[in-house]
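Biologist: Could you walk me through one part of this model in close detail, the part where charged side chains pair up? I'd like to know who partners whom, and what lies around them.

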Amino acid sequence: MSPPPASPPDAPDAADYDRVVTWKVVLNGTVEDFDQAATKAALVASYNQPSITAEHITLTVVAGSIIVTGEVRLEDASVTFSEMSDKVMTLFNNATAMAATFGLPVISFEAPTLSFASKSQIGRDTSELQSL
C-alpha cells in the first residue's frame with residue numbers, strides 16, 4: 001500500500017506575495033503579427049476585474065507559430081484563483097472571443113495554473129515564481 005499523496009504547500013502570506021495566474025496559448029501567425037498592447041487591453045476587458053490593469057499582465061511572446069505565455073497578478077485578495085481560472089477558461093473555450101482578444105487564430109491553449117510571486121517582484125523578472 002502506498003502512502004497518501006503529499007499535501008500541497010501552504011500559500012505564502014498574502015501580505016508578502018501576490019497570486020499569479022499563468023496560462024499559455026499557441027497562435028497561428030508570426031511574432032510581428034502579434035499586438036501585445038491590444039491583447040492586454042482585451043484581456044483586461046475580458047477579466048472584468050477592477051483590480052486588474054494592463055500593468056498586472058505580463059505576456060511573453062516566442063516564435064514557433066506564436067507561443068504566448070501570460071501571467072496575471074492578483075493583488076486583490078477577494079479575486080480568487082477559481083474565479084480567474086473560470087474567466088480564463090470561458091475565454092479560451094470561445095474561438096470567436098479568442099480571435100478577437102489575441103488578434104490571430106488560436107491553435108491550442110493550456111489551462112491556467114497558480115503560483116506566488118513576492119510583492120517586491122512586481123514589474124521585475126518572474127523567473128523566481130513559487131509554483132503550487
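Modeller: Happy to! A word on burial to start: a residue is called buried under 20% relative accessible area, exposed over 50%, and partly exposed in between, using a 1.4 Å probe and protein chains only. This is a predicted model, so local features need pLDDT of at least 70 and side-chain atom pairs count only at pLDDT 80 or more, while totals for chains, interfaces and linings use all residues. Residues are numbered from 1 along each chain as its sequence is written, and side-chain values use heavy atoms, leaving out hydrogens and water.

Now to your charged pairs. A salt bridge here is a side-chain nitrogen of Lys or Arg within 4 Å of a carboxyl oxygen of Asp or Glu. The whole structure holds two of them. In one, Arg73 pairs with Asp18, their closest N and O atoms being 3.4 Å apart. Because Arg73 sits in strand 3 and Asp18 in strand 1, this pair ties together parts that are 55 residues apart in sequence. (Strands are DSSP runs of E, at least two residues, and helices are runs of H or I, at least four, numbered from the N terminus.)

In the other, Lys119 meets Asp18, with 2.6 Å between the closest N and O atoms. That pair also links distant parts of the chain, 101 residues apart: Lys119 is in the loop between strand 4 (106-118) and strand 5 (130-131), and Asp18 is in strand 1. Together, Asp18, Arg73 and Lys119 are linked in a network of salt bridges.

How covered are the three? Asp18 has 1% relative accessibility, so it counts as buried. Arg73, at 8%, also counts as buried. Lys119 has 28%, so it counts as partly exposed.

An α-helix has 3.6 residues a turn, so residues three or four places apart point the same way.
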